[in-house]
Amino acid sequence: MTVSATTSSTVSTTSTSSSSTSSRTTLSSTDFLKLLVSELQNQDPLNATSVTDFINQMTSYANFTEQQSINTSMDSLAGSFSSLVTLNSVNYIGHTVEAKTDTAVLSNGSATFGYSLSSAASTVSISIKDASGSTVWTGTGSGNKGSNTITWDGTDSSGNQLGDGGQYTISVTATDTAGNSVLNYTTITGTVTGIDTSTSTPSLTVGGVPVSASNILGVTS
C-alpha cells in the first residue's frame, strides 16, 4: 500500500508542476527547488537518489541561479547603455553631420552623396536607384584618394526631373589599375532633425533618413 500511495503522489505532483510551469516561458529558482524537493519526497524507497546524483542536481541549481543573475545584470546594463546612447544622440539635433549610409532624400531637386576611397581609383562607376530598386541614373565620379562628393541633380537617365521627397540609394564601384576595389564606404551629409528610439538601437534622422548613431563620422556645423 505504501508503494502504491507513493506512485500516485508522484504522478499527481508531476502533473501539478508541469501545469504550473507550462503556462510560463521561464523557470524560476522557486520552481527549480520545488521540483527538486518533490523528487526527493516521491523517490522510490527501494531505489533512492544517489548522493552523486543529488550533488549534480544541486550543482545544476547553483549554475541555474548564477545564470539568472547574470542575465538580469546584462539586461540592466543593456538598458543603461541604450539610455546613454539616446542621451548622447540628443546633442546632435540641429547640427549638420556626415554619416555612413547609401541613402538620401531628394530635396530642392538634388541629392548629395559622398564616398571614400582607400587609394586612387582609375575607374569610378555610379548608379542611383529609387525606393523600388529601379536604376534611375548612372554616371561616373572622381577617383581621388580619400573623400569624394557627387551632387545628383535629380534627373533620371532620360532627363526627366524627379519629384522631391523620394529616397534614393547610391551604388559606387571604384577600382584601381589592377582591377581591385578601393571603395571604403558611402556617406551623406545632412541636418539631424530627430531621434528614433522605437528599436533597441536608437537612430538619428539625418536629412530625412534614419542613421545609426554609431555611423556618424563627424559634425560639420
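This is a predicted model: local features need pLDDT of at least 70, side-chain atom pairs count only at pLDDT 80 or more; totals for chains, interfaces and linings use all residues.

Here is a short chat about the fold and a few of its residues.

Q: Good to know. How many helices and strands are in the protein chain?

A: The protein chain has three helices and eleven strands. Along the sequence the pattern reads α-α-α-β-β-β-β-β-β-β-β-β-β-β.

Q: What share of the 221 residues is buried?

A: Buried residues account for 27% of the 221 in the protein chain. As for the accessible surface, it comes to about 13100 Å², and 52% of that belongs to carbon and sulfur atoms.

Q: And how many of the contacts join residues at least 24 apart?

A: Taking contacts between residues at least 6 apart in sequence, 68% join residues at least 24 apart.

Q: Nice, let's zoom in on strand E1. Is threonine 96 buried or exposed?

A: Threonine 96 lies in strand E1, which covers residues 96–100. Its relative accessibility is 17%, so threonine 96 counts as buried, the cut-off being under 20%.

Q: What does the side chain of threonine 96 make a polar contact with?

A: With the side chain of threonine 191, at 3.5 Å. Beyond its neighbours within four places in sequence, threonine 96 is in contact with several residues, including Thr189, Gly190, Gly218 and Ser221.

Q: Where does alanine 99 lie, and what does alanine 99 touch?

A: Alanine 99 is also a residue of strand E1, and it counts as buried because its relative accessibility is 0%. Setting aside residues up to four places away in sequence, alanine 99 touches Thr186, Thr187, Ile188, Val211, Asn215, Ile216 and Leu217. Take leucine 217: it is 118 residues from alanine 99 in sequence, yet their C-alpha atoms are 5.2 Å apart.

Q: What about tyrosine 92, where does that one lie?

A: Tyrosine 92 lies in the loop between helix H3 (51–90) and E1. It counts as partly exposed, because its relative accessibility is 24%. Not counting residues up to four places away in sequence, tyrosine 92 touches Val97, Val192, Leu204, Ile216 and Val219.

Q: Changing topic: how many aromatic pairs does the structure hold?

A: There is one aromatic pair. The ring centres of tryptophan 152 and tyrosine 168 are 5.0 Å apart and the planes sit at 65°, so the pair is edge-to-face. Tryptophan 152 is in strand E6 (residues 146–152) and tyrosine 168 is in strand E7, so the pair ties together parts 16 residues apart in sequence.

Q: Are those two, tryptophan 152 and tyrosine 168, buried or exposed?

A: Tryptophan 152 and tyrosine 168 are both buried. Leucine 162, in the loop between E6 and E7, has both Trp152 and Tyr168 among its contacts.

Q: I keep looking at aspartate 176. What is the nearest side chain of opposite charge?

A: That is lysine 145, 12 Å away. Aspartate 176 is buried but has no salt bridge. A polar atom of its side chain does lie 2.8 Å from the backbone nitrogen of asparagine 180.

Q: Where is aspartate 176 found, and what does aspartate 176 touch?

A: Aspartate 176 is found in the loop between strand E7 (167–175) and strand E8 (183–196). Leaving out residues up to four places away in sequence, aspartate 176 touches Ala120, Ala121, Ser122 and Val182.

Q: Tell me about alanine 121 then. Where is alanine 121 found?

A: Alanine 121 is found in the loop between strand E3 (111–117) and strand E4 (123–129). At 16% relative accessibility, it counts as buried. Besides Asp176, alanine 121 touches Gly143, Ala174, Thr175 and Val182, with residues up to four places away in sequence not counted. Alanine 121 and threonine 175 are 54 residues apart in sequence, while the C-alpha to C-alpha distance is 5.2 Å.

Q: Last one: what is phi of asparagine 108 near?

A: Phi of asparagine 108 is near 55°, a positive value in a residue other than glycine. Most residues other than glycine have a negative phi. Asparagine 108 lies in the loop between strand E2 (103–105) and E3, and it counts as exposed because its relative accessibility is 71%.

How values were computed. Residues are numbered from 1 along each chain as its sequence is written. Side-chain values use heavy atoms; hydrogens and water are left out. Helices (H or I, at least four residues) and strands (E, at least two) are DSSP runs, numbered from the N terminus. Buried means under 20% relative accessible area, exposed over 50%, partly exposed in between (1.4 Å probe, protein chains only). Lys and Arg count as positive and Asp and Glu as negative; His and the chain ends are not counted. A salt bridge is a side-chain nitrogen of Lys or Arg within 4 Å of a carboxyl oxygen of Asp or Glu. A polar contact is a pair of N or O atoms within 3.5 Å; within protein, one must be able to donate a hydrogen and the other to accept it, and residues adjacent in sequence count only if both atoms are side-chain atoms. Contact means heavy atoms within 4.5 Å. Accessible areas come from the Shrake-Rupley method with a 1.4 Å probe; for residues, only the protein chains shown count as cover. Rings of Phe, Tyr and Trp (its six-membered ring) pair if their centres lie within 6.5 Å; planes under 30 degrees apart count as stacked, over 60 as edge-to-face and the rest as tilted.
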